[in-house]
Amino acid sequence: MTDPDVPAPDVPALREMRWWDIDPVLELEKGLFPEDAWSRGMFWSELAHSRGPEATRRYVVAERAGRVVGYAGLASSGDVADIQTIAVARDHWGTGLGGRLLTELLHAASTFECAEVMLECRVDNVRAQKLYERFGFEPIGFRRGYYQPGNVDALVMRLTDPATSVQGTENNG
């Protein structure tokens with residue numbers, strides 16, 4: 001009999017992101033988002049707010065066979081949370097990992113007692129938009145020229161009441 005809390009060996013395990021994850025996360029970040037990758041300092045700053053009783057952030061990594069294959073982060077302020085980032089290694093696209101990371105962030109938003117969750121994604125990232133829509137996010141506007149370089153617009157999406165959100169399908173990565 002298997003323990004339901006322990007993923008199968010071929011399924012990435014989710015855990016809290018720590019400072020020693022920054023280098024492998026940066027490697028993945030630069031490969032996936034070469035034009036607008038976060039800096040080391042940005043990750044350090046976010047992680048500085050992710051622990052202790054005053055924490056306002058939740059960052060997780062997905063690890064398989066000692067390799068970081070995904071990561072995600074959420075910031076909360078009052079009753080609103082903002083998904084800062086979600087990324088999945090290309091060789092794990094379509095495995096459901098994106099949905100697992102998003103579910104973890106929505107649980108964190110509920111823990112932070114947030115009434116709504118906001119996010120931005122590139123207007124040309126249809127794959128991400130479909131994932132967010134499966135979880136109940138709705139488009140509410142645009143941010144013109146948000147992603148640089150390239151002057152690409154961002155689609156702003158919102159989920160109300162993350163604690164009772166519609167969960168994605170089994171294969172939502």
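Contact here means heavy atoms within 4.5 Å. The structure is a predicted model, in which local features need pLDDT of at least 70 and side-chain atom pairs count only at pLDDT 80 or more, while totals for chains, interfaces and linings use all residues. Residues are numbered from 1 along each chain as its sequence is written, and side-chain values use heavy atoms, with hydrogens and water left out.

At 0% relative accessibility, leucine 119 counts as buried (under 20% relative accessible area; exposed is over 50% and partly exposed in between, with a 1.4 Å probe and protein chains only). Leaving aside residues up to four places away in sequence, leucine 119 touches Asp82, Ile83, Tyr132, Phe137, Leu155, Val156 and Met157. Aspartate 82 is 37 residues away along the chain, yet the two C-alpha atoms are separated by 5.6 Å.

After H4 comes glycine 136, with a positive phi near 100 degrees.

Helix H2 (residues 40-48) buries Phe43, Glu46 and Leu47. Their arc around the axis is only 95 degrees, which puts them on the same side of H2. Their cover includes H1, strand S2 (57-64), strand S3 (67-77) and S4.

A pocket is an open set of points on a 1 Å grid over the protein atoms alone, with protein on both sides within 12 Å along at least five of seven lines; lining residues have an atom within 4 Å of a point. The largest pocket holds about 960 Å³ and is lined by 35 residues, with Phe33, Ile86, Asn125, Ala128 and Tyr132 nearest its centre. S4 gives the largest share of the lining, 7 residues. By type, the lining splits into 16 nonpolar, 9 polar and 10 charged residues.

As for the cysteines, both cysteine 114, at 7% relative accessibility, and cysteine 121, at 4%, count as buried. The disulfide count comes to 0, taking a disulfide as a pair of cysteine sulfur atoms within 2.5 Å.

Definitions and conventions
1 Å grid on protein atoms, 1.4 Å probe; cavity = no way out; pocket = protein on both sides within 12 Å on 5 of 7 lines; lining within 4 Å. Points joined across faces, edges and corners; volume = space filled by probe spheres on them. Helix = DSSP H or I, 4+ residues; strand = E, 2+ residues; numbered from the N terminus. Nonpolar A, V, L, I, M, F, W, Y, C, P; charged D, E, K, R; others polar. Arc of directions from axis to C-beta.
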